[in-house]
Structure formats: structure tokens, C-alpha cells
Amino acid sequence: MSRNRMSLALAPIVLGISLAAIVPASAAPPMQCEIRAIAVPGGIRLESVAFGSPGLSGSYQLSLERSGASGSSNVSQGGDFEVGDDGEVVISVTEFNLGPHDKYNVALTIESSSGATYCEHVSL
């Protein structure tokens, strides 16, 4: 292969490496979140989880509304967090009694330098 053809063949690789090096940090994908509902005797356990790059920190706001035959309740909490080495962090854990006809709605917002993400979990 001639020298000119080899140069042209390597151009996309060199260009790709150069472009990857100039992507700004703000282009990092936003954090993800999840609300895990785990049945426990007589109730439910909710775990709010954030996923992202290890060491990324941010804040969260959680809102929980529960209603049923025994009445209703609203809980709000918030705070700061930092993602662990495994790429996730459990940012809140809530357990409560749940009757047969009770319903609940959980909303979670996480914010970091990569933006804000919203998650919601509604009981069936």
C-alpha cells in the first residue's frame, strides 16, 4: 500500500481519537434513578437509587404519598449523595405498612452537574 493510501486509511481513526478528546465534560450522560419496591411482612420497602459515574455527587428530593382505609400520609425528604465505586448509591430507604387497598406514589428527583433526572413509582 502506498504512503498516501495508508495516510488516508488512518485518517478516520486519527480524526475519531481527536474528536473524542475534545468532547466537553458537560456532554456526560445524565444520572439515572430507580425506585425499588420490595415486599416485606405487612408492608413495603422502597429504596431510591441513583446511578452514575463513581464519585459523582448531587442532591435528591423524594416525595411519598400514601392513601388507604386508615387515612393518608405525605412524606418529603432530601439530601446530598455521592455515587459509589460500583456506579450506584442507595440514597433513601423507607418502609411502611401497606393495607390491601392502600395505594402509594413515590417521586424522586436527582440533580448533579450532569443535569436533573426524575423517577416515579406508583402502586397498582
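## Pairing of β1 and β2

In this predicted model, strands β1 and β2 run antiparallel to each other and are joined over 9 bridges. Strand β2 covers residues 43–51, while β1 covers residues 32–40. One of the contacts between them involves Ala39, whose bridge partner in β2 is Ile44.

## The three-stranded sheet

The pair belongs to an open sheet of 3 strands, arranged in the order β1-β2-β5. Pairing in this sheet is antiparallel. Strands β1 and β5 are the edge strands, and each of them pairs on one side only. Strand β5 spans residues 88–97. From one strand to the next, the twist averages 20°.

## The disulfide

The structure contains 1 disulfide. The cysteines that form it are Cys33 and Cys119, with 1.7 Å between their sulfur atoms. That separation meets the cut-off for a disulfide, because the sulfur atoms must lie within 2.5 Å. The torsion about the S-S bond of Cys33 and Cys119 is about 110°, so this disulfide is right-handed.

Cys33 is part of strand β1 and Cys119 is part of strand β7 (residues 115–122), so the bond ties together parts of the sequence that are 86 residues apart.

How values were computed:
Residues are numbered from 1 along each chain as its sequence is written. This is a predicted model: local features need pLDDT of at least 70, side-chain atom pairs count only at pLDDT 80 or more; totals for chains, interfaces and linings use all residues. Side-chain values use heavy atoms; hydrogens and water are left out. Helices (H or I, at least four residues) and strands (E, at least two) are DSSP runs, numbered from the N terminus. Two strands pair if DSSP finds at least two bridges between them. Axes are lines fitted to C-alpha atoms, for helices over the stretch in contact, and angles run from 0 to 180 degrees between N-to-C directions.
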